[in-house]
Amino acid sequence: MKKQHYYISLIFFMLLLGCVSEEGTFEEDIMSPTKTSFAPTMFDYLYNLSGNCFELEFPLSVFTNTGMLITFLDQNGVNEFKNTQNSNFFIEGITFPFSVTLDEASSLTIRDNNDFSNLLTTCSVPSFSMILSQGIVSCFDYEYPLQVTSTLDQSNSRAVNNSIDFLDFLTDLNFSQITLDYPVTTDTGITINNQFEHFNALRNNCKVIITPIDENDDCPDLFDFDIEYTKPQVNNTTYTFTLNILDDHTPTKIEWLINDQIIEGETETTLAYDIIKNGVYNACAKLTFSGCTEVVEVCQIPPLFVIDINEFCSPNVELKVEKSSLNPAEYNFKAIYRSIDHDDITYTWTIDNGITLNSTPITETSNELTYTFSKAETNRICVTVNNPSCFSDDDIITDCKIITINDEDL
């Protein structure tokens with residue numbers, strides 16, 4: 001029978017009772033289990049990454065979400081337990097104090113969550129907050145509001161109502177590690193019931209790269225950048241995206257992407273992009289840096305925005321008139337009308353003598369018309385916009401101009 005390298009709480013209690021010396025060598029709080037997001041973060045790091053800057057000292061006691069206390073006798077026990085975990089049974093906390101050996105062979109005692117936080121920071125282990133931020137930027141968002149609590153201060157809890165608020169919250173140093181009030185639901189309809197499922201969703205479904213920071217690498221942190229966008233004014237469909245550099249890292253190359261399509265020729269920190277179709281859009285910038293082998297991709301917050309066509313339907317049309325220089329009776333007319341969706345728009349042109357108002361329709365349906373008058377009289381020419389995407393049949397958007405033709409014009 002294969003030897004097990006961990007055992008449950010009853011055996012551990014017996015071991016403790018048998019090992020207490022007259023001097024009381026075990027500290028009073030050694031069996032105080034603490035629920036903390038640091039434990040799942042650490043074990044996720046140990047399971048999935050190599051080159052760790054610390055090693056665990058054994059025995060080490062943890063407890064699961066079911067309340068079971070488990071003691072690991074060596075690293076093999078930790079490795080074996082990896083395949084035991086699932087969404088219903090996973091490490092949720094740890095007992096303080098415990099010790100680790102740093103890569104310089106010095107021993108360090110971790111007595112509380114603050115020590116735990118300092119250890120992971122020293123070893124560049126990504127915090128749960130950082131992993132969540134990467135997920136929001138690159139993969140999925142959540143249905144709000146969410147209730148979030150600081151691991152370091154359980155009394156510090158608050159509700160967040162949108163992705164911008166959540167990302168600001170996650171960059172707060174007081175919330176370098178957090179717990180969520182599960183279950184939570186993503187904007188794609190996935191329900192996440194606990195932190196174990198959350199880690200798996202971020203790493204497996206979103207392909208979030210959970211890697212420690214390489215201090216010898218000149219790659220900047222993803223959170224040294226953000227992208228803001230400015231909505232256009234009325235009658236304008238041009239969005240302006242601005243890459244903000246929050247640190248002193250200057251990219252040697254910038255590529256802008258809209259919905260994963262590279263916008264050719266756009267290499268500056270600002271992108272002006274004309275959106276002419278309603279739909280869902282995502283703007284990102286791929287950044288290259290000197291001395292960094294990785295390409296950093298930054299996307300605007302929130303990750304997606306929806307263009308509502310009705311926000312960009314002009315309430316009126318303007319008729320421009322230009323007289324031909326070759327023929328005084330010939331005029332060029334152009335209807336100026338802005339809408340984000342051009343496919344369904346048609347233009348109806350009519351002309352009358354301005355007195356009887358019996359309009360004569362013109363067959364042209366585009367926004368430009370060239371017309372030659374044949375009588376010396378005053379005429380009224382009108383254009384009406386027909387846009388079923390923006391307006392009902394009862395909405396009439398029309399502009400007219402009075403054109404006077406004299407005998408000498410003919």
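**Entry 1. Helix H3**

At the start of H3, which backbone nitrogen does a side-chain oxygen of Asp-74 reach? I found that this oxygen comes to within 3.1 Å of the backbone nitrogen of Asn-76. I am working on a predicted model, in which local features need pLDDT of at least 70, side-chain atom pairs count only at pLDDT 80 or more, and totals for chains, interfaces and linings use all residues. Residues are numbered from 1 along each chain as its sequence is written, and side-chain values use heavy atoms, with hydrogens and water left out.

I then listed the buried residues (under 20% relative accessible area; exposed is over 50%, partly exposed in between; 1.4 Å probe, protein chains only). In H3, which spans residues 75-82, they are Gly-77, Val-78, Glu-80 and Phe-81. Seen down the axis of H3, the buried residues fall within an arc of 165°, so they line one face of the helix. The arc is taken from the directions from the helix axis to the C-beta atoms.

**Entry 2. Whole protein**

I counted 7 helices and 29 strands, which are DSSP runs numbered from the N terminus (helices H or I, at least four residues; strands E, at least two). Of the 410 residues, 41% count as buried. For contacts (heavy atoms within 4.5 Å), I noted that residues 24 or more positions apart account for 62% of those with a separation of 6 or more.

I checked pLDDT, the predictor's confidence in each residue from 0 to 100. The protein averages 77, and 74% of the residues score at least 70. Over residues 8-30 the pLDDT is below 50, and this stretch has 23 contacts in the model beyond near neighbours in sequence. Over residues 209-216 the pLDDT stays under 50 as well, with 16 contacts beyond four places in sequence.

**Entry 3. Disulfides**

Cys-53 and Cys-123 form a disulfide with sulfur atoms 1.6 Å apart. Cys-53 lies in the loop between helix H2 (38-48) and strand S3 (54-56), and Cys-123 in the loop between helix H4 (113-122) and helix H5 (128-138), so the pair ties together parts 70 residues apart in sequence. With -75° about the S-S bond, the link of Cys-53 and Cys-123 is left-handed.

For Cys-284 and Cys-299, the sulfur atoms are 2.0 Å apart. The torsion about their S-S bond is about 95°, so this disulfide is right-handed.

Cys-382 is joined to Cys-400, S to S 2.0 Å; with 110° about the S-S bond, this link is right-handed.

**Entry 4. Two polar residues**

I located His-198 in helix H7 (residues 195-205). His-198 counts as buried, at 0% relative accessibility. Its side chain and that of Tyr-142 are joined by a polar contact of 2.8 Å. A polar contact is a pair of N or O atoms within 3.5 Å; within protein, one must be able to donate a hydrogen and the other to accept it, and residues adjacent in sequence count only if both atoms are side-chain atoms. Beyond four places in sequence, His-198 touches residues including Phe-128, Leu-132 and Ile-192.

Asn-332 lies in strand S24 (residues 330-336) and is partly exposed, with a relative accessible area of 28%. The side chains of Asn-332 and Thr-370 make a polar contact of 2.9 Å. I also noted that Asn-332 and Glu-368 are 36 residues apart in sequence and 7.5 Å apart in space, C-alpha to C-alpha.

How values were computed:
Disulfide = S-S within 2.5 Å.
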